[in-house]
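Open the model in your viewer and keep the selection panel at hand. This tour goes from one selection to the next.

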Protein chains: 2
Amino acid sequence: MDQDKAMVIFQPSGRRGEVPKGITVIEASRLLGADIEALCGEKKVCGKCVVRIEEGHFEKYNIHSSRSHVSPWQEEEDKFITAERREKGFRLGCTALVEEDILVFVPEESRAGKQVVSKAARDIHIEHNPAVNIYTVEVEPPTFEEPTADFERVCRVLEKEHGLKDLTVDIFALRQLPTALRDGDWNVTVSVWNDREVVRFRPGKAERAYGLAIDVGTTTVAAYFCDLTTMEVVDTVFMMNPQCKYGEDVMARITYHMTTPDGLQRMNDDIIEGLNSLVDQAIENTYPPKKKKKKKKGEEGPHEFVEVPEEGKTYLRLTKEDIEDVTIGGNTAMHHIFLNLNPEHVGLAPFPPVIHHSLDIKARDMGLNINPASYVFVLPNEAGFVGADNVGVLLAEEPYKKDKIALIIDIGTNGELVLGNKEKLISSSCATGPALEGAQIAFGMRAAPGAMERIVIDRETKEVDYKVIGRDAWRKYSEPKDMKAKGICGSGILDLLAELYCSGIIAKSGAFNKEALAGHSRFRLNPDTNQPEFVLAWAEESSIDKDIVVTQRDVRQIQLAKGALYAGCKLMIKRMGLEKLDTIKIAGAFGTHVDREKALIMGLFPDCEIEMIESIGNAAGDGCRAALLNKDKREEANWVSRNVEYMELTVEETFQQEFMEAMQIPHMTDEFPHLAGIVPEEILKQ
Amino acid sequence: MDQDKAMVIFQPSGRRGEVPKGITVIEASRLLGADIEALCGEKKVCGKCVVRIEEGHFEKYNIHSSRSHVSPWQEEEDKFITAERREKGFRLGCTALVEEDILVFVPEESRAGKQVVSKAARDIHIEHNPAVNIYTVEVEPPTFEEPTADFERVCRVLEKEHGLKDLTVDIFALRQLPTALRDGDWNVTVSVWNDREVVRFRPGKAERAYGLAIDVGTTTVAAYFCDLTTMEVVDTVFMMNPQCKYGEDVMARITYHMTTPDGLQRMNDDIIEGLNSLVDQAIENTYPPKKKKKKKKGEEGPHEFVEVPEEGKTYLRLTKEDIEDVTIGGNTAMHHIFLNLNPEHVGLAPFPPVIHHSLDIKARDMGLNINPASYVFVLPNEAGFVGADNVGVLLAEEPYKKDKIALIIDIGTNGELVLGNKEKLISSSCATGPALEGAQIAFGMRAAPGAMERIVIDRETKEVDYKVIGRDAWRKYSEPKDMKAKGICGSGILDLLAELYCSGIIAKSGAFNKEALAGHSRFRLNPDTNQPEFVLAWAEESSIDKDIVVTQRDVRQIQLAKGALYAGCKLMIKRMGLEKLDTIKIAGAFGTHVDREKALIMGLFPDCEIEMIESIGNAAGDGCRAALLNKDKREEANWVSRNVEYMELTVEETFQQEFMEAMQIPHMTDEFPHLAGIVPEEILKQ
């Protein structure tokens, strides 16, 4: 390795690479694409860029390093980092200079991406019928005449007062019983799973039990922390999938397993470790001793509060053991890796998963640090890559109960499609890749401050106007230096393709119209690659001191992604013999941000009236939440997973041709009647 | 600590103490009461006394030591210990000298006690209906038309061919499936627990599955290693309960828990570690690459054999994963400690256990190193100290199915009694203590070579004749030096009390008849304690160069034990309002060795005809085996445990008086009509 360079690894993003020694950790993060929040522009005054230089993880990466591999502590850091945190290795990213190899952990609050990834729970209707219920019972103490054992003594009352029969008990829970009974003066609160098994005993009367509904995406992992007794969503926590360091998409993860001896174990370790950090985060959020937690009005529920006399306040204080149920969903590859099941065959035709059916697994067997006697309910898989996450979407949307024919699109790194109604449902998956999320695009980035999320290009002048996340004013109403653009996120990318096309910058084939653009100040050939590119924002408008451009290769990547999706939709509609759809529902963060008109223009999915397109948010997560709060949904999940017909797109005879055609920007008005009026006529006529 | 002494700890017996530096490990074992086999009399020629000087365990005991704490290796040891075993710390106990503190592990084959403790399985009738069954199925490989997941594909055939419906699967087993299916070319052997859950997948066709039935006694632990498919007992393995180091009886163990912060955890760790060594032993015994295993004729079953070309032989070769089911029983205290359940309340009136019902617990949750997906079936408890071991006895004897009224006595460190027939059963427990097993007796020892197991005292001369374990000829037919007596074991102790009484050496009160004995060469006052004692074997007949005596205190200990047992029996008979018993069944090793006539003379249990007394061997273990091989017995266990009425003896009004009276040697001929004729008339008339 170059003597003047040092290896830096960022966690949890997994971004890594060599950087020149002597630059700040923030500068290194920018070079390597690991977004750290830096509101003050590295003036050491905002304190947002706190990171932890980690020691514990070094051996894992064979880096022999220590905290002294960064420059010494500076006075300015005292303002933002307590002595205790300093002891743990916390530093300001703008102040610590990289001097040797380091591993940098970027805490959630310092990650630039966090605020905008929309994984908030939607207000869907869920019937209250959780798998874990709590009962407080009072029993008579044993006597010589009636020396029945503790457990049978409690069961007798549970049967009499609550009709619970033939209960079994987890051994970890049973160990709590003798002490709980006596500490509670013969009153005990019993947590019962599925009316069948006792998973916890607490002394006296307890009011609450909590659960987590987890959606493991290829790129993001979101968890809803729910009160099982009130159904309230206490908190939503999320993170990057720590497996991202092994590859962006599911095939890359599977390949990593197949090419690395302990690859599966490593990826499994990482997701489990990651989920445990989500658990920590959810629990910590309930007890902020330093600052009062910001809550929206009406969000406050009747929690178990803890008095903090030195602050004169009470806080909700929970422990990990208070999490007594978990539901989890993910695509088939994420499902298999989470369960440490060989995902190899999911990646090879005919793509059989190891199992379809849901699983109930003890949290301790998964290594999850919650109440160890609790179960993790793993949602069932449909087929191929259409996994438990899609079952979650179906549970949330319930197309199998409806008359209307819906096309439900869950666009993540992998696209999953479901089409049909209560008569019949078919599903398929398409490899959209991560381009629509901003990856594999020269200036692509996640939805974070500085990301161009809306783009408009003047049809005549081809001048670019845009809006960045974190600033309300559009470019044309701002001073250039105020824009601080950094890159383009998913919603901006969709806008981009449509706008490039409508303004005549690219042809329907996706190729730059070189003749039309000749001499335009924004169009040029890249001096290094000699490839055409178009400037979206000049260096002076950026926070990275570079022109932000879209390249010919970027356009191709976007075309590949949208082509895969469109071809999939089209083949499914054909298979069902349909003339028209009643509704198109878009799940995922993508759906929340997409401009429906632009999506139609670029041909992301079949033509339809704009009003028919609906965003359904993180439906996969909502489905997990439904299964958490209503155990009947678990049965329903198994039923629906076996009653959706899976369609393997890649073996369809016409797939290749459909895919090639779908790469083009749509122009045939018979296939896309609704484009008329929103795409300039001269463009459509090309 | 004395500079000239070293601390030596023997495992698994737990015997420990300081010994003079420079003595052999065997000499140290003798001083501390840890029996090591030494057939050749320490001439370094038999190689029986192999021990392992352990390093790994030192920190646990805060001993900073190493193998160099014994004297250097000697040439003679090469004959008996391979280089590989030498590397692991094996030495001859007669050759290695103690130079500093050491921990000595005595392997089962070097333990003097092993051959005679009779824990062999009896030939009881058990219907073949194991909880774990294996099925080999062949499935079609997946295609695009039929891409069903591996698990559902296998289940479909299991349902069609074997009627197994709605199977679930353990996650550890599921991880084996994709590889097993493909390695077996779409043939797979499936282990199914209780027709309900898959616990193992093996590629291709497998013929066998194995199980362990474990009886955890306070002092000894025995395990039957059974072939679940043929019901054959492949092997019987046993060991001392490693918890013995914390105390001899159940109350001592409970006290240890109550007085030591991590006492329960330590005892639990020890029994789990011990059980794992039993598993190792059972598995190792199936593959003896150095010497062919001695098998009785007809014992050889159709096992999975392994060829060992260098020996030109095939051996049964198994792994720990081949153990796919376990049943386990023990008294309530052993049950609780095994499960890491607080045993405190079992030791306090009214003695409620934590649970009665049986438990199915994953082997991995217990830390047992067998197939991790397998279940451990823990037999249910009755009440108080009458635990799962007694349920085992009942399962083996089935008094609840019989007309005859039986008194079933399981004498171990704790005595458990059941009385009744199919109309009604009552149970109780009595604290016999370990005296009847040879503990707390000056020269008491376990049934091992050199132990006096039969004793006859001449009514006139009061000369002693006896037989020792390991030598067929009685004393009067032998040269004194050939006897090599070491002590007295359980059966000898019973003989002893009866013979001392019948020959007039002790009175019915148990006191030595000092007048009658005055001047007899065998009777004397101990010079140190001034207590009366009677010589059973002179130093020249012993291998320990000491007179072997019985003291007044010994007699009292035996009286206490037999008094507790007798009083218990009597109170139970009274409670049932019975006039006579149809049969007395004695379980445990004790029952195998007891001389029924002598037991009657000393008043161990109610008077009856000698023919009515039956030894039923290790019935607790047989019951565990019945539950292992026939799952209906598990249901039966829960039923019987709730249908035996428990009687707490210590709260009976007349208990103290009965106990005091029962301490006496019986003399009232109306209560003991069968004594007439076997006890000299002049003795009875005293």
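How many residues of chain A are in contact with chain B? The count is 40, and they touch 40 residues of chain B. Keep in mind that this is a predicted model.

**Stop 1: the interface**

Color the two chains separately. Between chain A and chain B, about 3400 Å² is buried. Carbon and sulfur atoms give 69% of that area. Now select Phe144(A), Arg175(A) and Pro350(A). These three supply 18% of the area that chain A buries against chain B, more than any other three residues.

**Stop 2**

Two salt bridges are found across the interface of chain A and chain B. Show the side chains of Asp365(A) and Arg364(B). They meet in a salt bridge, with 2.6 Å from N to O.

Which elements of chain A give two or more residues to the side that touches chain B? Select helix 3, helix 4 (171-174), helix 5 (177-183), strand 16 (359-362) and helix 9 (363-366) of chain A. Helix 5 of chain A gives the largest share, four residues. Color this side of chain A by residue class: 24 residues are nonpolar, eight are polar and eight are charged.

**Stop 3: a sheet in chain A**

Stay in chain A and switch to cartoon. Four strands form an open sheet in the order 6-8-9-7, with mixed pairing. Its edge strands are strand 6 (132-138) and strand 7 (168-169) of chain A, and each pairs on one side only.

Select strand 6 and strand 8 (187-193) of chain A. The two pair in the antiparallel sense over seven bridges. Which residue of strand 8 is the bridge partner of Val132(A)? Trp193(A) is.

**Stop 4: strands in chain B**

Move to chain B and select strand 3 (50-53). Strand 3 of chain B pairs with strand 4 (90-92) of chain B in the antiparallel sense over three bridges. Here Val51(B) stands opposite Arg91(B). Strand 5 runs antiparallel to strand 3 of chain B, and two bridges join them. Finish on Arg52(B), which stands opposite Phe105(B) in strand 5 of chain B.

Key:
Residues are numbered from 1 along each chain as its sequence is written. Chains are lettered from A and ligands numbered from 1 in the order in which they are written. This is a predicted model: local features need pLDDT of at least 70, side-chain atom pairs count only at pLDDT 80 or more; totals for chains, interfaces and linings use all residues. Side-chain values use heavy atoms; hydrogens and water are left out. Two strands pair if DSSP finds at least two bridges between them. Contact means heavy atoms within 4.5 Å. Buried area is the accessible area (1.4 Å probe) that two parts lose on being put together, summed over both. A salt bridge is a side-chain nitrogen of Lys or Arg within 4 Å of a carboxyl oxygen of Asp or Glu. Ala, Val, Leu, Ile, Met, Phe, Trp, Tyr, Cys and Pro count as nonpolar, Asp, Glu, Lys and Arg as charged, and the others, Gly among them, as polar.
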